[in-house]
Amino acid sequence: MSLHNLALIENWPVPTAAAGVVRADGTVLGTHGPTTHRFPLASVTKPLAAYAALVAYEEGAIELDEPAGPPGSTVRHLLAHTSGLAFDEHRVTAPPGERRLYSNAGFEQLGDHIAKATEIPFAEYLHQAVLEPLGMNSTALEGSPAKDGVSTVADLLLFAAEVQIPRLLDPRTVAEAMTVQYPGTKGVLRGYGHQNPNDWGLGFEIRDSKSPHWTGSSSSPRTFGHFGQSGTFLWVDPTAGAACVVLTDRAFGPWAVEAWPPFTDAVLAEL
């Protein structure tokens, strides 16, 4: 089958866009646009970095509840955006575990922590732990583990299949990553305002009952994923049994807030 509604990206006010949908078993249900074009991922880098962190955890290089980041914070706090670090500065603005403060700085400290523990630069560790085994040959981390990934729709569909039926990790580890960490924590979902609760797993945002949201009105509460300020997103809807990747080259803004939810609803309707 091919998903005709993926062609809705043609109507978006963006120079370039590509999209794809993949089932858990790796079957690509449809793609549209240049799937081998390399796009900056912005924060869609974070799920890839988080997956590498979970590999490091399973390899015994780190523990989820060992100290990392600011005083009192752990690897788990950094992954769940509850370390108390500011958004883009390495300064503490709240005690660990108190508020969901979405933090690029937290992912940068996570990358440094893993690099020290493994004695491998984080970009190289991500390559060895995740990208190479999945055959993501067009993907690279070119700087911050929070936002400097570059990839293609074709590569991210490989990752989206892996997250649904893990081969690199124990399925229980991935289930933990999709489970709300520090339940009841409120905070700001960037671009969408205050959310109470603002639920996150380990490196993945969990949809739950958030409103407004970047996924669709028909997306299940179990949906998890990430969007990026470069106009990119990846969601996995376990209820629908599929994942969707969309990459564009126009910065996130009102156009995306308007275009993304109906697109997701149209894709889900076709599934």
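Some ground rules. Residues are numbered from 1 along each chain as its sequence is written, and side-chain values use heavy atoms, with hydrogens and water left out. Because the model is predicted, local features need pLDDT of at least 70, side-chain atom pairs count only at pLDDT 80 or more, and totals for chains, interfaces and linings use all residues.

Terms next. Helices (H or I, at least four residues) and strands (E, at least two) are DSSP runs, numbered from the N terminus. Two strands pair if DSSP finds at least two bridges between them.

Three strands make an open sheet, ordered 3-5-4, with antiparallel pairing. Strand 3 (39-42) and strand 4 (140-141) are the edges, and each pairs on one side only. Strand 5, residues 149-151, pairs with strand 4 over two bridges, in the antiparallel sense. Ala140 has Val150 in strand 5 as its bridge partner.

Now look at Ser151, also in strand 5. Is Ser151 buried or exposed? Buried: its relative accessible area is 0%. For the record, buried means under 20% relative accessible area, exposed over 50%, and partly exposed in between, with a 1.4 Å probe and protein chains only. The Ser151 side chain makes a polar contact with the side chain of Thr139, at 2.7 Å. A polar contact is a pair of N or O atoms within 3.5 Å; within protein, one must be able to donate a hydrogen and the other to accept it, and residues adjacent in sequence count only if both atoms are side-chain atoms. What else surrounds Ser151? Leaving aside neighbours within four places in sequence, Ser151 is in contact with His37, Arg38, Phe39, Leu41, Ser138, Thr139, Leu156 and Leu247. Contact here means heavy atoms within 4.5 Å.

Ser144 sits in the loop between strand 4 and strand 5. At 9% relative accessibility, Ser144 counts as buried. Its side chain is joined to that of Glu108 by a polar contact of 2.8 Å. A polar atom of the Ser144 side chain also lies 2.9 Å from the backbone nitrogen of Ala146. Not counting residues up to four places away in sequence, Ser144 touches Thr45 and Glu108.

Strand 8, residues 205-206, runs antiparallel to strand 9 and is joined to it by two bridges. Glu205 has Gly225 in strand 9 as its bridge partner. Strand 9, residues 224-228, is mostly covered, with five of its five residues buried. Which residues lie on each face of strand 9? Phe224, His226 and Gly228 are on one side, Gly225 and Phe227 on the other, and all are buried.

Strand 9 is joined to strand 10, residues 232-237, by five bridges, again antiparallel. Phe227 stands opposite Phe233 in strand 10. The two strands form a hairpin with three residues between them, and Gly231 in the turn has a positive phi of about 85°.

Strand 10 is mostly covered too: six of its six residues are buried. Thr232, Leu234 and Val236 point one way, Phe233, Trp235 and Asp237 the other. Strand 10 then pairs with strand 11, residues 242-248, antiparallel over five bridges. Here the bridge partner of Phe233 is Val246. This is another hairpin, with four residues between strand 10 and strand 11, and Gly241 in the turn has a positive phi of about 70°.

Last, the helices. Two packed helices are described by the angle between their axes and the distance between the axes. Helix 1, residues 45-58, packs on helix 3, residues 104-118, at about 35°, with axes 11 Å apart. Axes are lines fitted to C-alpha atoms, for helices over the stretch in contact, and angles run from 0 to 180 degrees between N-to-C directions. Lys46, Ala49, Ala50, Ala53 and Ala56 in helix 1 meet Asn104, Phe107, Leu110 and Ile114 in helix 3.
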